[in-house]
There are 2 protein chains.
Amino acid sequence: MRRSILETSPFLQDDCLIIECDVTVIKAIRVQVPPSDLSENLGRFHDSKELADVTFKVKGEIVRAHKAVLAIRSPVFKAQLYGPMRGKKRTSINVEDMEPAVFKALLHFVYRDSLPAMDDLDRDENKEMIKHLLVAADRYGLERMKLLCESTLCKRLDVDSVATTLALADQHHCSSLKDVCIRSLRENGLPVPVGKAQSVPVMQSVLAIRY
Amino acid sequence: MRRSILETSPFLQDDCLIIECDVTVIKAIRVQVPPSDLSENLGRFHDSKELADVTFKVKGEIVRAHKAVLAIRSPVFKAQLYGPMRGKKRTSINVEDMEPAVFKALLHFVYRDSLPAMDDLDRDENKEMIKHLLVAADRYGLERMKLLCESTLCKRLDVDSVATTLALADQHHCSSLKDVCIRSLRENGLPVPVGKAQSVPVMQSVLAIRY
């Protein structure tokens, strides 16, 4: 470009040259790979009960499942179904001290790696269910499920429930939830356990204050 | 605050009042929930071969696996292991026309939902392996694995491999990979199939040009 043309150009103003560029982005064709369908595959099998090879009797209610899946996910199910203590054909098991709804929600997690929706429960029933699920997760060695329950209880913590939640957290060795409860007690001016060794007796005194 | 004090304040300038706020954000303690460990659980079971209940014989090599997991993941394994055509105790199966390394990589995907690393293979061997895995995924009805292979081949496509890749994509009904190949052929001035009905004969002419 000639200097004279450049200098008379409207794009040159105050010693600045404005350059206009048109950029066209051509989107490359790529093969789209969908996200993992592992939990969906397992969930579908759970729903259909197809090829189920073990039956649980939970307070009279029959729940069917797949031995291999249970053993893969939970060390407790594995010991129960394949351990040296099992009978030769351990295909029917009684589950004591657990509500059928809780056991079914536990199996939902075993297969789908998530907690069920529980839309039919109100706020308080939902919170109670989560507490039962935490206990069930601890009983069957499902660490991630236990943390999911801890996380939900942590988000829903209030002054009325903090003492009972702390007792539950202490009983089932949920250190993060316990920390949150202790902090909440402190913020609300309630007595707080000082050290780990003292936690249980002090916690009992906290409960005694509130009940 | 008195009006006189406000009016003499250095924070009031040109009819604007500057208000300085110190905001302290207290990070709430939350319970951290780790990501899904479903594929890790399954992968560990695969590696240990613990409770394996089916044996595959692949060109003389023995590969052990869990019937339920295979059936959950692949409709073809399900039919083979639990279908009406199976023997009463179908616990040993011969796999024809497949290299042991390919079958083992297929099982890696079945359990872990990802392709194995294949770091020991050079670029060409790796590409060949991906092609074999695409064929294997198609044979066992593993759609997501097939798409993963298609995606990898798509990224590594070059002028030398486009015609053979197109033939493979056509044979195994990989529509996205086929589209990418056709576009690449067009960009490189090679003859391209016009319509779906004509794709196979035209493709053969493409192959004839290059080989």
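Mentor: Happy to; we'll take it topic by topic.

Trainee: Before that, what kind of model is it, and how are things counted?

Mentor: It is a predicted model, where local features need pLDDT of at least 70 and side-chain atom pairs count only at pLDDT 80 or more, while totals for chains, interfaces and linings use all residues. Residues are numbered from 1 along each chain as its sequence is written, chains are lettered from A and ligands numbered from 1 in the order in which they are written, and side-chain values use heavy atoms, with hydrogens and water left out.

Trainee: Great. How many salt bridges are there over all chains?

Mentor: A search of the whole structure finds 26. A salt bridge here is a side-chain nitrogen of Lys or Arg within 4 Å of a carboxyl oxygen of Asp or Glu.

Trainee: Which residue does Arg44(A) pair with?

Mentor: Arg44(A) meets Glu40(A), at 3.2 Å from N to O. Both sit in helix H2 (residues 38–48) of chain A, four residues apart, or about one turn of the helix. Helices (H or I, at least four residues) and strands (E, at least two) are DSSP runs, numbered from the N terminus.

Trainee: What about chain B, which residue does Asp47(B) bridge to?

Mentor: Asp47(B) forms a salt bridge with Arg112(B), at 2.4 Å from N to O. Asp47(B) lies in helix H2 (residues 38–48) and Arg112(B) in helix H5 (residues 100–112) of chain B, so the pair ties together parts that are 65 residues apart in sequence. Arg112(B) is partly exposed, at 25% relative accessibility.

Trainee: And which partner does Asp158(B) have?

Mentor: Lys127(B), with 3.5 Å from N to O. This pair also links distant parts of the chain: Asp158(B) is in the loop between helix H7 (143–155) and helix H8 (162–171) of chain B, and Lys127(B) is in helix H6 (residues 123–139) of chain B, 31 residues apart. Asp158(B) is partly exposed at 33%, whereas Lys127(B) is buried at 10%.

Trainee: Which residues are joined into one network by salt bridges that share partners?

Mentor: Asp37(A), Arg73(B), Asp113(B) and Arg144(B) are joined that way.

Trainee: Switching to cysteines: how many disulfides does the structure hold?

Mentor: Zero, over all chains. For Cys16(A), the nearest cysteine sulfur is that of Cys21(A), 15 Å away, and a disulfide is a pair of cysteine sulfur atoms within 2.5 Å. Cys181(A) is in no disulfide either, with the sulfur of Cys154(A) nearest at 7.8 Å. Cys16(A) is partly exposed at 48% relative accessibility, while Cys181(A) is buried at 0%.

Trainee: Where does the negative charge gather on the surface?

Mentor: In a patch of Asp119(A), Asp120(A), Asp122(A), Asp124(A), Glu125(A) and Glu128(A). Patches are made of residues with over 30% relative accessible area and no salt bridge, joining like charges within 9 Å and nonpolar side chains (Val, Leu, Ile, Met, Phe, Trp, Tyr) within 5 Å. Lys and Arg count as positive and Asp and Glu as negative, with His and the chain ends not counted. The place of a charge is NZ of Lys, CZ of Arg, CG of Asp or CD of Glu. Glu125(A), in helix H6 (residues 123–139) of chain A, is partly exposed at 41%.

Trainee: Which residues form the nonpolar patch?

Mentor: Met1(B), Ile5(B), Leu6(B), Phe11(B), Leu17(B), Ile18(B) and Ile19(B), with about 740 Å² of accessible area together. Accessible areas come from the Shrake-Rupley method with a 1.4 Å probe, and for residues only the protein chains shown count as cover. Phe11(B) is in the loop between helix H1 (3–8) and E1 of chain B, and is partly exposed at 42%.

Trainee: Last one: what is phi of Asp14(B)?

Mentor: Near 50°, a positive value in a residue other than glycine. Asp14(B) sits in the loop between strand E1 (12–13) and strand E2 (16–17) of chain B, and is exposed at 75%.

Terms used
Buried means under 20% relative accessible area, exposed over 50%, partly exposed in between (1.4 Å probe, protein chains only).
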